Amino acid sequence: MGENEKNVVSVSLLNVARMVSTAVDLLEYGVYRHGERVAYIAYRIFKEMFPGKETLPIVLAGLLHDIGIDTEELKREARNFILEDYIITKHSREGEKLLNKVDLLRGIKPFVRHHHTRYKDIGRFVSEVVPIEAQIICLADRIEVLIDQNQYILTQKERIESKIKDFSGVMFNPEIVRTFFDLSNRESFWLDIDNQYMLGKLWLEGFDDYRTAVEKDIRQLAELCASIVDRKSSFTHIHSKRVASIARKLGEKLNMGQEDLFLLEMAGELHDIGKLSIPLSILHKKGDLTADEYRIIRQHTYYTYYLIDRLDMMDKVRDWAAFHHEKLDGSGYPFHLKGDELDLGSRIMALADITTALSEDRPYRKALSKEEIMDILWTQVRDNKVDGDVVRTLEKNFDYIVLQ
């Protein structure tokens, strides 16, 4: 069996897209479900315009349209109704590049690439088509940013309609705008947008979204998530890949099976996806963190757990990724697991993360030497924080595990 045929699993593209969408929304504190609401609005418009046509592609693109956003500042700016050209170009093209790395999602690239292309500019693209799906997402996205989450949804209907009408034929396709106005006459359309239960019900409607995924596909999806995290901060660039590499090599030396080695590597790629919830001002802070800032730092593994849990598969990956700050004595976070509650994979991941962090340059210090790293790790063994057998294995194979 070839490498690309190993570890065959059934993957829900909808669950993947919802996980990534939620992760991107974490970039802006307090603004969640933007991607889900855009996907829902686009879905309703598309279904109205093209009854009977497959809706999964536009739903996936609606969920993933902001995948190219890499900072909370850009996320905030993208919520302005009128966008600067550099914002449109940057995150649309970046989103296209990211999706191009995932075979299972390449089909929606043009929808994301053009989701901010203005209707009046479509004629300029002589060598490529601006898909109707992208034009629908363009409108759906701007409808969503006009919604004030602090006001009752039905009192906003006329204001939003007026704004959209002003830009029909300029920013938006007039035919799509007419369909939106037909939907807007129904109170249920607006109430559904604001109703998390109804959004959840939509995702259970029976989309044909499960795909057979081989090892290559799973790697691509994990690397996509790692890229989103690592792009947020230059200091964490390739951090996830190094954790994945160190974890896998440790697992090899501890005689773990091939399937678990693969899952360890995927957990390493995904372990810090919850860091998207942490502001850069805290991630890049050079001085000591305040008590409140440290509390915010400690939430990231909680979000890692529940983001990966959305995939509804690979529970080992979820646990190993999310438990990387747990300690054997129960003093870790966020679940305060201890002892036998932490299996070998969790213990390896914790050590891989510590070792990677200590061997990297950080805003507040330079990378430590092998001797300094081992001194710290053996101190943690004595304090019953990390597993002594795993540390001993690391020390015996340090150059291979950490330096190669």
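**Close-up views of a predicted model**

**View 1. Helices H8 and H9 pack with their axes within 11 Å of one another.** The axes of helix H8 (residues 157–166) and helix H9 (residues 174–184) cross at roughly 170°, where axes are lines fitted to C-alpha atoms, for helices over the stretch in contact, and angles run from 0 to 180 degrees between N-to-C directions. H8 is therefore roughly antiparallel to H9, given that angles over 145 degrees count as roughly antiparallel, those under 35 as roughly parallel, 65 to 115 as roughly perpendicular and the rest as oblique. Helices here are DSSP runs (H or I, at least four residues), numbered from the N terminus. From H8, the contact (heavy atoms within 4.5 Å) draws on Lys157, Ile160, Glu161, Ile164 and Lys165, and from H9 on Val177, Phe180, Phe181 and Ser184. These residues of H8 and H9 comprise five nonpolar, one polar and three charged; Ala, Val, Leu, Ile, Met, Phe, Trp, Tyr, Cys and Pro count as nonpolar, Asp, Glu, Lys and Arg as charged, and the others, Gly among them, as polar.

The model is predicted, so that local features need pLDDT of at least 70 and side-chain atom pairs count only at pLDDT 80 or more, whereas totals for chains, interfaces and linings use all residues. Residues are numbered from 1 along each chain as its sequence is written, and side-chain values use heavy atoms, with hydrogens and water left out.

**View 2. Helices H1 and H3 cross at roughly 20°.** The axes of H1 (residues 13–25) and H3 (residues 56–64) come within 8 Å, and the crossing angle makes H1 roughly parallel to H3. On the H1 side the contact is made by Leu13, Leu14, Ala17, Arg18, Val20 and Ser21, and on the H3 side by Leu56, Val59, Leu60, Leu63 and Leu64. Sorted by class, the residues in the contact of H1 with H3 are nine nonpolar, one polar and one charged.

**View 3. A salt bridge joins Arg310 and Glu36.** The closest N and O atoms of this pair are 3.5 Å apart, a salt bridge being a side-chain nitrogen of Lys or Arg within 4 Å of a carboxyl oxygen of Asp or Glu. Arg310 sits in the loop between helix H17 (300–309) and helix H18 (315–322), while Glu36 belongs to helix H2 (residues 34–49), 274 residues apart. Glu36 is buried at a relative accessible area of 4%, whereas Arg310 is partly exposed at 29%; buried means under 20% relative accessible area, exposed over 50%, and partly exposed in between (1.4 Å probe, protein chains only). The structure holds 36 salt bridges.

**View 4. Glu265 and Arg219 form a salt bridge at 2.9 Å, N to O.** Glu265 lies in helix H14 (residues 258–270) and Arg219 in helix H12 (residues 215–231), so the pair ties together parts that are 46 residues apart in sequence. Both partners are buried, Glu265 with a relative accessible area of 15% and Arg219 with 17%.

**View 5. The loop between H18 and helix H19 (344–358) contains Pro334.** A cis peptide bond, with omega of about 5°, joins Tyr333 and Pro334. His336 is placed in the loop between H18 and H19, and although His336 is not a glycine, its phi is positive, at about 55°. With a relative accessible area of 41%, His336 is partly exposed.

Notes
Helices (H or I, at least four residues) and strands (E, at least two) are DSSP runs, numbered from the N terminus.
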